[in-house]
Amino acid sequence: MASATPQGANLLYGLRKSTKFSKGLGALLPQAYRKFWNEWKNQQPAAVHYVPKEGMFQREDFTGLVTPVQNVPIPLIDPPEAHEGIWGGEAIIKGFQKRTPYKRRVPHFWVPVLRRSVVHSRVLNDHMAVTVTDRTLEQIHDHHGFDHYLLKTPACDLRSMLAIKLKKKILEELAAGCPKLAAEPSKQQECLREYACYLEQFTPEEIEWYGLTYGEAILKMRTMTEDSEAQMPQKVLFRQQLIEQLKAAGIREAQDGSDDEALKGIKDSSSWLSKLSFKPKNW
């Protein structure tokens with residue numbers, strides 16, 4: 001059956017869906033950005049709003065019925081305000097709530113408890129006032145510092161673009177040798193020894209592409225493509241290729257004169273209008 005189609009065996013498992021990285025400038029994006037994209041969008045985030053069950057099957061206590069374990073993530077909503085703070089993986093949950101036994105359920109939104117707090121980055125040598133949640137503060141305390149929390153947590157668990165951009169900035173600062181701590185050499189060397197282990201997980205190219213949205217990555221790729229190309233018109237490029245081919249074939253006009261003169265002579269001698277025995281009307 002598959003051999004009867006022009007595509008052959010490629011259609012055995014259906015047509016491949018078009019993705020962001022299969023056409024256009026998205027297909028030119030380097031593997032360094034695709035690694036960040038998989039960490040940000042494709043990797044399974046940690047369970048925050050539910051307790052995952054272990055194992056593959058579970059047995060009911062009263063009925064003894066065996067059912068498979070299904071850890072289905074709860075759909076989360078990230079408002080624009082979530083990217084202006086660091087919510088620690090929390091987001092808004094949309095659902096229904098039955099408030100009284102004798103009335104129908106009503107739509108309800110569960111919003112994290114937000115508060116304004118100040119965090120300190122040793123690598124950036126700066127204090128920042130950001131909007132956080134209780135879980136964010138707990139994660140910072142568990143990781144023994146704000147920098148360790150950002151560097152150890154993958155992008156899918158950070159969720160916030162502010163946190164991802166700060167992580168990229170910290171990685172760039174570490175790769176540059178912590179120039180903001182140059183006034184205190186002892187503190188600079190201490191930070192480099194403490195956080196140098198995180199640089200082993202990234203290459204300079206991966207740090208350069210880390211933390212970019214798809215639109216920012218496409219804009220960066222377009223700029224790099226335009227800079228790499230000489231922006232030479234196609235007709236000039238094809239003319240040079242034609243002259244090289246004519247020289248290789250031993251054409252006298254292409255070997256004796258310059259490029260423009262050779263092309264002019266070839267055009268005058270080999271054009272179709274010059275071979276016609278008559279001239280068009282109003283010549």
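**Exercise 1.** Which residues make the nonpolar surface patch of about 350 Å²?

*Solution.* The model is predicted. The patch is made by Met56, Phe57 and Val66. Now place one of them: Phe57 sits in strand 1, residues 57-59. Then check its cover. Exposed means over 50% relative accessible area. Phe57 has 55%, so Phe57 is exposed.

**Exercise 2.** Find what lines the largest cavity, and sort the lining by class.

*Solution.* Start with the count: the structure holds one cavity of 30 Å³ or more. About 50 Å³ of space lies in the largest cavity. Its lining includes Asp78, His83, Trp87, Glu90 and Arg159. By class, the lining has three nonpolar, four polar and three charged residues.

**Exercise 3.** Work out which parts of the chain the salt bridge between Arg122 and Glu194 ties together.

*Solution.* First, the contact: the closest N and O atoms of Arg122 and Glu194 are 2.7 Å apart. Next, the places. Arg122 lies in the loop between strand 5 (114-121) and strand 6 (126-133), and Glu194 lies in helix 6 (residues 185-195), so the pair ties together parts 72 residues apart in sequence. Arg122 is partly exposed at 25% relative accessibility. Glu194 is partly exposed too, at 28%. Last, widen the view: a network of salt bridges links Arg122, Glu190 and Glu194.

**Exercise 4.** Locate the two partners of the salt bridge between Glu216 and Lys165.

*Solution.* The closest N and O atoms of Glu216 and Lys165 are 2.8 Å apart. Glu216 is in helix 8 (residues 214-228) and Lys165 in helix 5 (residues 161-175), so the bridge joins parts 51 residues apart in sequence.

Note on methods. Residues numbered from 1 in each chain as written. Predicted model: local features only at pLDDT ≥ 70, side-chain atom pairs only at ≥ 80, totals over all residues. Heavy atoms only, no water. Patch = residues over 30% accessible without salt bridge, like charges linked within 9 Å, V, L, I, M, F, W, Y side chains within 5 Å. Areas by Shrake-Rupley, 256 points an atom, 1.4 Å probe, with all protein chains shown as cover. Salt bridge = Lys/Arg side-chain N within 4 Å of Asp/Glu carboxyl O. Helix = DSSP H or I, 4+ residues; strand = E, 2+ residues; numbered from the N terminus. Buried < 20%, exposed > 50% of the residue type's maximum accessible area, 1.4 Å probe, protein only. 1 Å grid on protein atoms, 1.4 Å probe; cavity = no way out; pocket = protein on both sides within 12 Å on 5 of 7 lines; lining within 4 Å. Points joined across faces, edges and corners; volume = space filled by probe spheres on them. Nonpolar A, V, L, I, M, F, W, Y, C, P; charged D, E, K, R; others polar.
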